[in-house]
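Subject: Structure for your files

Hello,

Please find the structure below, followed by notes on what turned up in it.

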Amino acid sequence: QLTDSYGNSLSSWNIAEDVEVFAKWRLIEFDLEFTLNNGTLTTENPSTYTIEDLDIKINNPVRDGYIFEGWVGTGLSEPTKDLTIFAGSYGDKIFGACWVRSDEFIAISNPNDLKNISNNLNGYYYLTQNIDMTDIEFSTIGDEENSFTGIIDGNNFTISNLTLEKYFIYTLEGEIFNLEIKNINVTGDSGTMLVHTNNGIIRNCKLNGIVDVTGDYKSVEEDNTAYASGIAIINNGLIENVIISGEIKAQGPNNSSRILDRIVSNFAYKNTGTIRYCYSEADVSVEGTYGMTYGVGFVYKNDGEIQNTFICGNLNVSGWGSGKVPQRCGVYLYEFTRYQQTGMENCYILESSEITLYESGQIGGYYPTLSITKVEDSKIIDNSLINFGKYIDETDVILYPNNVWIFDGITYPKLYW
């Protein structure tokens, strides 16, 4: 029986005389896919192969702070370090790298361990249990001159009741993943639940708390602006699979001697990196006097990518200005971004979210999006089911790192741990 390249078979021969026929074959290239899970390869592996290729020995990746345990994936029942695609093999194949923490990792099991991260900003850390920071003073990890370049593996545990002066980490050059921080209380002239600047990777995290930059603003950022955001002020790296809940707000100052701008947003003030598979249930609010007041749904400035991300919370902006400084007074609300709405794909805001603007001043406005859709609650859940990777088991996460979400079809997706 003969078939064409699509598998259609020739069911009958309508030939009146003897003929000689010849089979013609097309050599098929099969795909080889490798998920490195934050590892790197010194020598790249092939991305395709054919049944006629000789044995192909697969190169193993490396990763700072971790030991390579082996590959899992197509045709493998357990992690395999010596992986070979043997001659005569066929079919598409996918493999994922398995890692175990090396002895370089430092266990974090109590509040003092957590505070001591500041003494070694290059270290690798992992939580061994939940940590309660009630009534414990905590200082921001790193500062403007000293970035955190290590790793914090939350190991699916929780830090709770954490009081922050502005930020948990000032500048992240390393990685944070599988961490929940809940009941965060952030105060200061600017602040977020996690970092000021992300140049690294933030993945698989849950953030819950209150960011309240209400105050006298005695020492604001150099540009005379107070910022409040859920994850970062500036994102130049990757933010992926993060849930935000709680409140993000700013207010004041209420005296004309201080002309100050306020910018409040869910995810970041400025994004030049990538934000994807995230959502916020937080309520965002900002109120201002004697200066510019901005409330923004996603990010204020977007020069990067925002994908498969949605907002379910409320956005309220209010303020009033002084006739003495009309050029410095205004109240603005932007549902999605103020600058640059390109680079946003499959992003939504819940149709029933309360989005209000109250303004009394020289200028003010309500600026709807040009590219993002407001949808009903059920639509957000439906789109999440399609675009957020559904968790099946641990092996599935290794092969498809974004398959970390659990759905019940009723509520918003939750991280599998």
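Tyrosine 90 counts as exposed because its relative accessible area is 57%; buried stands for under 20% relative accessible area, exposed for over 50%, and partly exposed for in between, with a 1.4 Å probe and protein chains only. This is a predicted model, in which local features need pLDDT of at least 70 and side-chain atom pairs count only at pLDDT 80 or more, while totals for chains, interfaces and linings use all residues. Residues are numbered from 1 along each chain as its sequence is written, and side-chain values use heavy atoms, with hydrogens and water left out.

Tyrosine 90 sits in the loop between β5 (84-85) and β6 (93-101). Helices (H or I, at least four residues) and strands (E, at least two) are DSSP runs, numbered from the N terminus. Together with Leu27 and Ile51, Tyr90 makes a nonpolar surface patch of about 320 Å². Patches take residues with over 30% relative accessible area and no salt bridge, joining like charges within 9 Å and nonpolar side chains (Val, Leu, Ile, Met, Phe, Trp, Tyr) within 5 Å. Accessible areas come from the Shrake-Rupley method with a 1.4 Å probe, and for residues only the protein chains shown count as cover.

**Two open sheets**

Two strands are taken to pair if DSSP finds at least two bridges between them. Strands of a sheet pair through backbone hydrogen bonds, either parallel or antiparallel.

β2 pairs with strand β1 (residues 30-35) in the antiparallel sense, over two bridges. In that pairing, phenylalanine 30 is opposite tyrosine 49 of β2.

The other open sheet is made of five strands with parallel pairing, in the order β12-β14-β17-β20-β25. Its edge strands, β12 (169-172) and β25, each pair on one side only. Strand β17 (residues 234-235) is joined to strand β20 (residues 268-271) by two bridges in the parallel sense, with isoleucine 234 opposite lysine 270. Between β20 and strand β25 (residues 299-302) there are three bridges, again in the parallel sense. Alanine 268 is opposite valine 299 there, and lysine 270 has lysine 301 as its bridge partner in β25.

**Salt bridges**

There are six salt bridges in the structure, a salt bridge being a side-chain nitrogen of Lys or Arg within 4 Å of a carboxyl oxygen of Asp or Glu. One of them joins arginine 101 to aspartate 153, with the closest N and O atoms 2.8 Å apart. This pair links distant parts of the chain, as arginine 101 is in strand β6 and aspartate 153 in strand β10 (residues 151-160), 52 residues apart. Arginine 101 is partly exposed at 31% relative accessibility, whereas aspartate 153 is buried at 5%.

Which residues are linked in a network of salt bridges? They are Arg203, Glu240 and Arg276. Glutamate 240 lies in strand β18 (residues 238-251) and counts as buried because its relative accessibility is 2%.

Glutamate 240 and arginine 203 meet through their side chains at 2.7 Å, N to O.

The salt bridge from glutamate 240 to arginine 276 has its closest N and O atoms 2.5 Å apart. That pair also links distant parts of the chain, with arginine 276 in strand β21 (residues 274-276) and glutamate 240 in β18, 36 residues apart. Arginine 276 is partly exposed, at 25% relative accessibility. The two side chains also make a polar contact at 2.5 Å; that term covers a pair of N or O atoms within 3.5 Å where, within protein, one must be able to donate a hydrogen and the other to accept it, and residues adjacent in sequence count only if both atoms are side-chain atoms.

Not counting residues up to four places away in sequence, glutamate 240 touches Ile202, Arg203, Asn204, Arg276, Tyr277, Cys278 and Asn402. Contact here means heavy atoms within 4.5 Å.

Regards
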